[in-house]
Amino acid sequence: MVIAAIGSVPLMMTLGNSMLIPILPKMKSSLDLTQLQVSLTITVFSIAAAIFIPIVGYLSDRFSRKMVIIPSLLLFGGGALLAGLGAAVFSNSYIWVILGRILQGIGAAGTAPIAMALIGDLFRGGERSRVLGIFEASNGLGKVLSPILGSLLALIIWYSVFFAFPVISLISILLVWIFIKEKRNFQAPPPFKKYVKGLLSVFKHEGRWLFTIYLAGGTCLFTLFGILFYLSDILETKYNINGVPKGLILAIPLLVMVCTSYITGSKIGKNLEKMKWLSVLGLFLMTLSYSSLVLFEKLIPFLIVLAISSIGAGLVLPCVNSLITGAVGKERRGFVSSLYGSVRFIGVALGPPVFIRLMDWSRTGMFLSIAAFTLLVALLVLLLVHVKGKDGKEKKKSNIRYKYT
């Protein structure tokens, strides 16, 4: 039940963005919006989260993870309620939707990234990697369910999706409140200057590989949400597929990623070399997939080739999660994990608008540009991330300071 409670947090947060993807065309037509205005409903959520994540990360290190997660879930549900009521009651609905999405984003800042730090606190070694695999699978499960749930709720009216979020948030709040028991720490938290000095020391010694790993995780989310936005658009405009069938198709690549994430997390243990090479392999698979999509326009072959990129993302994300949560001790884990959460949200925020511009430019250019980017990130991971020892322990002749904590 502890794992279920922790897993409910990323599941809920993921629904916050992904459930909107199937309703975006209906929102566009109902409110008479441009494609860019529609994409902003995803972008403002992610930017707000990215800005506030480092702040709540510090608060979770100074106080407790649970004290941050529960108020954040309340704010997430409240923001959704504001967006839904604004869309239902007011004539200038778009402004209220944007304001509600900003509040949701601020709430989301204190959810999944802090839950990841909580896993680092409660579990050790191979068990931690396994639970982080479940964490990423739960994140992916939210992405699988959300197109289907979003499509079903859109059958009522497009903004009914917003009224589902408070209910989901309440369930997660109850699970976290009842089942998460943090160890009491009677030591006073470090002064702010000492805390910052410790963080600077971490990034001074570990910054090169740590930011490379951040980039790898953010790339997976950037390409995932970008391609889902593209797929959602062509399913309606090119194939005339709407409603639940559309949601089921959008769920296919996500389901592949969920299964891969769970298997990867259960197999990597605390083997740092395996984490690195699986990350490189995953990024190369994404490169292969996106470069090959240029050749496929029929839907079924397109989805099969797209599934290869989902396998790649499923290899990368659990490895990145394990590397980051093991990089520092408990006293600074919240901030380091939260900064990674910011990068993930920035990736989500950039995906739809960047893909819109690339779609307007050239379909072939879009896929080849994304393939070139994932290849570059793969090479950076290959060249800049150096690990010594399968269990993360330093060897005597190693000048790498990374140690699996």
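The mean pLDDT of the protein chain is 80, and 86% of its residues reach 70 or more. Over residues 391–405 the pLDDT falls below 50, and in the model this stretch has 41 contacts beyond near neighbours in sequence. The model is predicted. Its secondary structure comes to 14 helices and zero strands.

**Overall build**

- From the N terminus on, the elements of the protein chain run α-α-α-α-α-α-α-α-α-α-α-α-α-α.
- The protein chain has 405 residues, and buried residues make up 58% of them.
- Of the contacts with a separation of 6 or more, 84% are accounted for by residues 24 or more positions apart.
- The chain exposes about 16,600 Å², and carbon and sulfur atoms supply 70% of that area.

**Helix α6**

- Helix α6 covers residues 112–122; ten of its eleven residues are buried, so α6 is largely enclosed by the rest of the structure.
- The buried residues of α6 are A112, P113, I114, A115, M116, A117, L118, I119, G120 and D121.
- S60 itself lies in helix α3, which spans residues 35–62.
- S60 has a relative accessible area of 3%, under the 20% cut-off, and therefore counts as buried.

**Helix α8 and its surroundings**

- Helix α8 runs over residues 160–179, which is 20 residues.
- From its first C-alpha to its last, α8 reaches 30 Å, close to the 28 Å expected at 1.5 Å a residue.
- Buried positions in α8 are S160, V161, F162, A164, F165, S169, S172, I173 and V176.
- An α-helix has 3.6 residues a turn, so residues three or four places apart point the same way.
- Within α8, the buried residues S169, S172 and V176 are among those listed above.

- Q104 lies in helix α5, residues 93–109.
- The relative accessible area of Q104 is 0%, so this residue is buried.
- Not counting residues up to four places away in sequence, Q104 touches F45, F76, G79, A80, F162 and F165.
- F45, F76 and F165 form one aromatic cluster, and each of these three residues is touched by Q104.
- F162 and F165, both contacts of Q104, are buried residues of α8.

**Other aromatic rings**

- The structure holds eleven aromatic pairs.
- W158 and Y159 are both buried.
- Two lysines sit over tryptophan rings: K66 lies over the face of W177, at 5.4 Å from the ring centre, and the charged end of K276 sits over the ring of W277, 5.2 Å from its centre.

**V258 in helix α10**

- V258 lies in helix α10, which covers residues 243–268.
- With a relative accessible area of 11%, V258 is buried.
- V258 and I134 are 124 residues apart in sequence, and their C-alpha atoms are 8.9 Å apart in space.
- Leaving aside neighbours within four places in sequence, V258 is in contact with A137, G140, L141 and V144.

**Loop residues with positive phi**

- D32 is a residue other than glycine, and its phi has a positive value near 55 degrees.
- D32 is placed in the loop between α2 (24–31) and α3.
- The relative accessibility of D32 is 69%, so D32 counts as exposed.
- N240, also a residue other than glycine, has a positive phi near 55 degrees.
- N240 is placed in the loop between α9 (192–237) and α10 (243–268).
- At 61% relative accessibility, N240 counts as exposed.

Methods. Residues numbered from 1 in each chain as written. Predicted model: local features only at pLDDT ≥ 70, side-chain atom pairs only at ≥ 80, totals over all residues. Heavy atoms only, no water. Helix = DSSP H or I, 4+ residues; strand = E, 2+ residues; numbered from the N terminus. Buried < 20%, exposed > 50% of the residue type's maximum accessible area, 1.4 Å probe, protein only. Contact = heavy atoms within 4.5 Å. Areas by Shrake-Rupley, 256 points an atom, 1.4 Å probe, with all protein chains shown as cover. pLDDT = per-residue confidence, 0-100. Phe/Tyr/Trp six-rings, centres within 6.5 Å; stacked < 30°, edge-to-face > 60°. Lys NZ or Arg CZ within 6 Å of the ring centre and 35° of its normal. Expected span 1.5 Å × (residues − 1).
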